[in-house]
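Reader: I am new to this one. Could you walk me through it?

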Amino acid sequence: MDRRREELMAAALELFSTRDAEDVSIDDVASAAGASRALVYHYFGGKQELYVAALKSAAEQLESRLRPQGGGRPLDDLASGLGRYFDFVEEHAAGFAALLRGGPANRSGEVGEIVDGVRRRLFRLIQEQMGVEEPSPVLRATLRSWIASVETAGLDWLEHRDLERPALERMLVDQMVALLGVAAGYDADVAALLERLA
């Protein structure tokens, strides 16, 4: 990818991570990247195209981190994947925050599809790690709840950084086990899955 295009997207992600997209202008992005507004238009055509391109870039980087390494027990693989997830959160704070923050207006159309695509990919990876072909409604709701917790924990950690990252990652794995424990009371298949994972 062209270096100037990358610089513009990085500047845009930084701005979009701290302000609503509606409050960021092409001039803001150009100024932050040390470029002309004409160059922004040359590469992206407009602010919405820039926003979508920047989020796609962040989503692709995050998803590349989530590819399973395999070889361990499911909970160990989950912990390892969580570590790679938080590596991305730490190294690409602006991209992560821009991907997940924003009001309902930022969650429609192409932008919503990008965010939902990351969540679907994460869901499938967890499902594969657990050896589940078709999750029951109880397991589906449990896994989606956990993914929401991980996202929220990532944003909270970026904002405060008053919890050691390894402790946060262990806590989130323990939360998964706890959620599965609750779900097991509602679904015999989840109870069998929990026994297998333990």
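**A helical chain**

Author: Happy to. The end C-alpha atoms of residues 25-44 lie 13 Å apart, and this span is 80% helix and 0% strand. This is a predicted model, in which local features need pLDDT of at least 70, side-chain atom pairs count only at pLDDT 80 or more, and totals for chains, interfaces and linings use all residues. Residues are numbered from 1 along each chain as its sequence is written, and side-chain values use heavy atoms, with hydrogens and water left out.

Reader: Which feature does UniProt place at residues 25-44?

Author: The entry is unreviewed, and such annotations may be inferred rather than shown by experiment. For residues 25-44 the record gives the name "DNA-binding region".

Reader: How many helices are there in the chain?

Author: Helices here are DSSP runs (H or I, at least four residues), and strands are E runs of at least two, numbered from the N terminus. The chain has zero strands, and its helices number ten.

Reader: What span should helix α8 have, at 1.5 Å a residue?

Author: Helix α8 covers residues 137-160, which is 24 residues. The expected span is 1.5 Å times one less than the number of residues.

Reader: Which elements do the buried residues of α8 pack against?

Author: Buried means under 20% relative accessible area (1.4 Å probe, protein chains only), and L139, W146 and W157 are among the buried residues of α8. With contact meaning heavy atoms within 4.5 Å, the partners are α5, α6, α7, α9 and α10.

Conventions
Buried < 20%, exposed > 50% of the residue type's maximum accessible area, 1.4 Å probe, protein only.
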